[in-house]
Amino acid sequence: MAEQAETLRRTPLSRDRVLRAAVTLADEAGIESLSMRNLAQDLGVVPMALYKHVANKDELLDGMIDVIVGQIDPPAPDTHWKDAVRRRILSAREVLRRHPWAPLAIESRTMATPAVLAYLDSVVATFRAGGFSANLAHHVMHTMGSRVLGFSQELFDASRQAGRSGVTNPEPPAALPPEFADRFPHLAEIAGAASHDDQSIVGQGCDDQFEFEFALDLLLDGIERLHQRGWTSPRRNG
């Protein structure tokens with residue numbers, strides 16, 4: 001192991017090596033631990049050496065996002081648009097689950113990165129190739145929102161803040177107090193009606209993956225019906 005680490009340290013720096021090392025650091029220690037100094041230490045170089053490849057931390061984050069998005073499976077050829085979109089979105093979700101810091105990093109950027117734009121463009125291309133009008137594709141992308149990239153902001157996700165979303169070892173959800181059912185009987189009823197997932201961020205009794213796919217399939221089924229009807233948005237006067 002020591003020899004491998006030393007060989008890696010002697011490998012000439014490149015932008016790709018810097019970005020992948022940053023992704024590894026964020027995966028292992030959390031995005032909040034990422035700094036040019038810590039990254040340089042991991043790479044066995046002085047911090048100034050990094051600036052030949054990334055101008056600043058913002059550019060570093062943009063590049064890290066592009067590395068992550070580049071791991072999403074490409075479009076499957078000769079596949080019905082609905083299956084193709086579903087596969088890509090679930091592939092994106094698998095990627096982001098391997099890199100739990102990535103959703104908030106993506107949301108934090110004021111402009112989408114080139115890889116994110118290319119991915120979104122390819123999803124739109126799948127809809128258009130499936131016969132969607134530009135008008136319907138426009139509204140579909142709005143409706144899908146961040147779900148296109150494999151994540152969504154859940155209603156009861158109290159951990160959703162920088163550095164915590166998708167943490168590997170979240171605190172277990174607190175048991176509902178006895179008075180909860182009296183005050184909120186309908187919420188209490190549905191809380192016990194779902195399959196269980198101790199790691200869920202949605203709430204005790206919820207299965208994150210199931211809920212994600214359930215909502216995705218509802219959306220795709222509804223989109224398919226609109227497409228079959230030749231739906232278009234009403235034009236505004238003026």
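Biologist: Is the crossing of H6 and H12 left-handed or right-handed?

Modeller: A crossing is right-handed if the near helix is turned clockwise from the far one by less than a right angle, and left-handed if anticlockwise. Here, H6 and H12 make a right-handed crossing. Helices are DSSP runs (H or I, at least four residues), numbered from the N terminus. This is a predicted model, where local features need pLDDT of at least 70 and side-chain atom pairs count only at pLDDT 80 or more, while totals for chains, interfaces and linings use all residues. Residues are numbered from 1 along each chain as its sequence is written, and side-chain values use heavy atoms, leaving out hydrogens and water.

Biologist: At what angle do the axes of H6 and H12 cross?

Modeller: Axes are lines fitted to C-alpha atoms, for helices over the stretch in contact (heavy atoms within 4.5 Å). Angles run from 0 to 180 degrees between N-to-C directions. The axes of H6 (residues 81-98) and H12 (residues 208-229) cross at roughly 155° and come within 11 Å. H6 and H12 are therefore roughly antiparallel (over 145 degrees).

Biologist: Which residues of H6 meet H12?

Modeller: Among them are Trp 81, Val 85 and Ile 89 in H6, and those they face in H12 include Phe 212 and Leu 216.

Biologist: Is Thr 126 buried or exposed?

Modeller: Buried means under 20% relative accessible area, with a 1.4 Å probe and protein chains only; exposed means over 50%, and partly exposed is in between. Thr 126 has 14%, so Thr 126 is buried. Thr 126 sits in helix H8 (residues 114-129). Leaving aside neighbours within four places in sequence, Thr 126 is in contact with Trp 81, Ala 84 and Val 85.

Conventions: Helix = DSSP H or I, 4+ residues; strand = E, 2+ residues; numbered from the N terminus. Parallel < 35°, antiparallel > 145°, perpendicular 65-115°, else oblique.
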